[in-house]
Amino acid sequence: MKTTHIATLLSLLVTGAAQAQSAKQLDQQTAAMMQASFREQGIAKMDRIVQDDAQKACSQAKPPSEAVTKKIEAAQLAAVKWPSDGQFIGDWKEGEKLAQNGRGMTWTDASTAPSKNGAMCYNCHQVDKKEISFGTIGPSLWNYGKLRGVANPADPASEAIVKYTWGKLWNSKAYSACSTMPRFGHAELLTEAQIRDLMALLLDPKSPVNQ
C-alpha cells in the first residue's frame with residue numbers, strides 16, 4: 001500500500017512538472033509567434049509589442065488579483081506628470097480638433113512627434129449630441145464637466161475633478177489597472193499642451209461638450 005501511495009505521489013509530481021513546463025513552453029512559443037508576426041515599417045518599430053508590467057498583468061487568462069490591481073494603479077498614479085506650469089486648461093477649440101483627429105502613429109506617418117498625433121476620442125466616445133457615428137467602448141463625454149458640477153475649472157471646488165480628468169488622460173491605468181484607454185501622456189502620444197486642450201474640451205463651460 002505504501003509503495004502504491006509513493007508511486008501515485010511521484011506520478012502527480014511528474015504530471016505537475018510536465019504541465020508547468022508545457023505552460024512555460026507555450027508562453028515562449030507565443031512570444032516567438034508575436035515577434036515573428038510583426039515587422040518594422042516606417043515609424044512603426046518593434047518596441048510596440050514590448051509590454052510593461054501593467055500590460056503583462058492584464059494580458060493573462062485571468063484578471064489580476066485585487067492586490068496586484070492596487071499595486072498597478074498606485075505605480076501608474078505615481079507616474080502621472082502634472083502640468084509643469086500648473087495650468088490644467090487650454091483651448092477647447094483645439095481640443096475639439098484633437099478629439100476628432102484620428103491621425104498618428106501609423107507606418108505611413110512621417111513623424112513620431114506627439115504634436116503630430118490626434119486624440120481620436122470619437123473612436124470610443126460620444127463627444128457631441130449632433131454626432132451620428134461614434135464609438136461606444138467608452139462612456140459618452142457629452143456634458144462631462146456640467147454633469148460633474150464644474151462651473152469654473154479654476155474654482156478650488158472643482159480641483160478634485162480637474163485633477164482626476166488630467167490623471168485619466170495622462171495615464172488611464174492610474175484609476176483602472178486594465179483600462180484600454182490610451183495613456184496619452186505616459187506613452188507620449190500627446191504633448192502636455194494637447195492634453196490641456198482636451199481638458200478644456202471636457203471641462204470649459206464654454207465648450208460645446210458642456211452646452
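User: Which residues do ring pairs link into a cluster?

Analyst: In this predicted model, a search of the whole structure finds 3 aromatic pairs. One of these pairs is Phe88 with Trp166. Ring pairs join both of these residues into a cluster with a further ring, and the members are Phe88, Trp166 and Trp170.

User: What is the geometry of the pair formed by Phe88 and Trp166, stacked or edge-to-face?

Analyst: The ring centres of Phe88 and Trp166 lie 5.6 Å apart, and the angle between the planes is 90 degrees. Planes over 60 degrees apart count as edge-to-face. The pair of Phe88 and Trp166 is therefore edge-to-face.

User: How many residues apart in sequence are the parts that the pair of Phe88 and Trp166 ties together?

Analyst: Phe88 sits in the loop between helix H3 (66–78) and H4. Trp166 belongs to helix H6.

User: Is Phe88 buried or exposed?

Analyst: Buried means under 20% relative accessible area. Trp166, at 0% relative accessibility, counts as buried. Phe88 has a relative accessibility of 19%, so Phe88 counts as buried.

User: Which residues does Trp166 touch, not counting residues up to four places away in sequence?

Analyst: Trp166 is found in helix H6, and its 0% relative accessibility makes it buried. Its C-alpha atom is separated by 19 Å from that of Gln100, 66 residues apart along the chain. With residues up to four places away in sequence left out, Trp166 touches Val80, Lys81, Trp82, Pro83, Phe88, Glu192, Ile195, Arg196 and Met199.

User: What kind of pair do the rings of Tyr164 and Tyr175 form, tilted or edge-to-face?

Analyst: Tyr164 lies in helix H6 and Tyr175 in the loop between H6 and H7, so this pair ties together parts that are 11 residues apart in sequence. Tyr164 is partly exposed at 32% relative accessibility, and Tyr175 is partly exposed at 29%. The ring centres are 4.8 Å apart and the planes stand at 65 degrees, so the pair is edge-to-face.

User: Which element gives the largest share of the largest nonpolar core?

Analyst: The largest nonpolar core holds 25 residues, of which Ile195 and Met199 touch the most other members. Helix H4 (92–99), H6 and H7 are the elements that give two or more residues to this core. The largest share, 6 residues, comes from H7.

User: What is the volume of the largest pocket?

Analyst: The largest pocket is lined by 32 residues, and those nearest its centre are Arg48, Gln55, Met105, Ala187 and Leu189. By class, this lining has 14 nonpolar, 11 polar and 7 charged residues. The pocket has a volume of about 960 Å³.

User: Is Met105 buried or partly exposed?

Analyst: Met105 is in the loop between H4 and H5, and it is among the residues nearest the centre of the largest pocket. Its phi is positive, about 70 degrees, although Met105 is not a glycine. With a relative accessibility of 35%, Met105 counts as partly exposed.

User: What is the phi of Met120?

Analyst: Met120 is found in the loop between H4 and H5. A relative accessible area of 27% makes Met120 partly exposed. Met120 is not a glycine, yet its phi is positive, at about 45 degrees.

User: Which helix supplies the largest share of the lining of the second largest pocket?

Analyst: About 550 Å³ of space lies in the second largest pocket. Its lining has 27 residues, with His125, Pro139, Leu141, Lys168 and Met181 nearest the centre, and by class there are 18 nonpolar, 7 polar and 2 charged residues. Helix H5 (144–147), helix H6 (159–170) and helix H7 (192–203) each supply at least two residues of this lining. The largest share, 4 residues, comes from H6.

Notes
Residues are numbered from 1 along each chain as its sequence is written. This is a predicted model: local features need pLDDT of at least 70, side-chain atom pairs count only at pLDDT 80 or more; totals for chains, interfaces and linings use all residues. Side-chain values use heavy atoms; hydrogens and water are left out. On a 1 Å grid over the protein atoms alone, a cavity is a set of points where a 1.4 Å probe fits but cannot get out, and a pocket is an open set with protein on both sides within 12 Å along at least five of seven lines; lining residues have an atom within 4 Å of a point. Grid points are joined across faces, edges and corners, and a volume is the space filled by probe spheres set on the points. Ala, Val, Leu, Ile, Met, Phe, Trp, Tyr, Cys and Pro count as nonpolar, Asp, Glu, Lys and Arg as charged, and the others, Gly among them, as polar. A nonpolar core is a set of buried Ala, Val, Leu, Ile, Met, Phe, Trp, Tyr and Cys residues joined through side-chain atoms within 4.5 Å. Buried means under 20% relative accessible area, exposed over 50%, partly exposed in between (1.4 Å probe, protein chains only). Rings of Phe, Tyr and Trp (its six-membered ring) pair if their centres lie within 6.5 Å; planes under 30 degrees apart count as stacked, over 60 as edge-to-face and the rest as tilted. Contact means heavy atoms within 4.5 Å.
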